[in-house]
Amino acid sequence: EQLVVDELDIGQGKLNIGCRTHTTLKDEDYETLLVYNGILGGFPHSKLFVNVREKASLAYYAVSRLESHKGMLIMMSGIEVDSFDQAVDIMKKQLNMMRDGEISETELNQTKASLVNQLLEIKDNARTIIDFAYNGRLSGTHKTLEQVLEKLIQVTLQDVVAIAEKIEIDTIYFLRDKEGK
């Protein structure tokens, strides 16, 4: 993994950890990656939010997002500059917990239910319908929303662990203030 640090006149540090997922929209296990990301940092009940923000009180926000065409997952957090090492350690620990299958039934089920609701909301808005169709066309997949929902509902804990084993940190990026060292 590589570390990149930039300095600007800012009050809050921005910590991003970029990971390669080796899974994109066109892969059979893409829906499992959606569940993985949801458990890790997609929702307020997710591991990053609970452990980095709530339990450790290190972050103003702690989330993860997917770049589905490139197979990237980015963990993002706004932290005090002095909390860098501790925040990185806790974020890496969440990846390890996912790999070790330390995921509760509640985390799995709550995430799947939240994702189903998100996907069903696609039908309510012309722009999101177009985005769904566009991303399907761009990736060469032609899954219907119903097919994605069906696959998502069938994702198991073992499936999530299998995806977790493919995730690898590529770059840790930290934007920090100019004053401290």
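In what order do the five strands of the open sheet run? The model is a predicted one, in which local features need pLDDT of at least 70 and side-chain atom pairs count only at pLDDT 80 or more, while totals for chains, interfaces and linings use all residues. Residues are numbered from 1 along each chain as its sequence is written, and side-chain values use heavy atoms, with hydrogens and water left out.

The order is E1-E5-E2-E4-E3, with mixed pairing. Strands here are DSSP runs of E with at least two residues, and helices are runs of H or I with at least four, numbered from the N terminus; two strands pair if DSSP finds at least two bridges between them. E1 (2-7) and E3 (59-67) sit at the edges with a single partner strand each, so one side of each lacks a neighbour in the sheet. On average, neighbouring strands are turned by 15° against each other, direction ignored. For such angles, axes are lines fitted to C-alpha atoms (for helices, over the stretch in contact), and values run from 0 to 180 degrees between N-to-C directions.

Further in, E2 (residues 13-20) and E4 (residues 72-79) pair up antiparallel over eight bridges. Lys14, for one, has Gly78 of E4 as its bridge partner. Helix H2 (residues 47-55) packs on the sheet, touching E3 and E4, and its direction makes about 155° with that of E3. Contact means heavy atoms within 4.5 Å.

Then there is helix H7 (residues 157-164), where Val160, Val161, Ile163 and Ala164 are buried, that is, under 20% relative accessible area with a 1.4 Å probe and protein chains only (over 50% is exposed, and partly exposed lies in between). Looking down the axis of H7, the buried residues fall within an arc of 160°, so they line one face of the helix; the arc is that of the directions from the helix axis to the C-beta atoms. These buried residues pack against H1 (30-42), H3 (84-99) and H4 (105-121).

Beyond its neighbours within four places in sequence, Asn37 touches Gly42, Ser64, Arg65, Leu66 and Leu73.

As for aromatics, the count is one pair, taking rings of Phe, Tyr and Trp (its six-membered ring) with centres within 6.5 Å; planes under 30 degrees apart are stacked, over 60 edge-to-face, and the rest tilted. Phe84 and Phe174 make a tilted pair, 4.7 Å centre to centre with 40° between the planes. Phe84 lies in H3 and Phe174 in E5 (residues 168-176), so the pair ties together parts 90 residues apart in sequence. Both Phe84 and Phe174 are buried.
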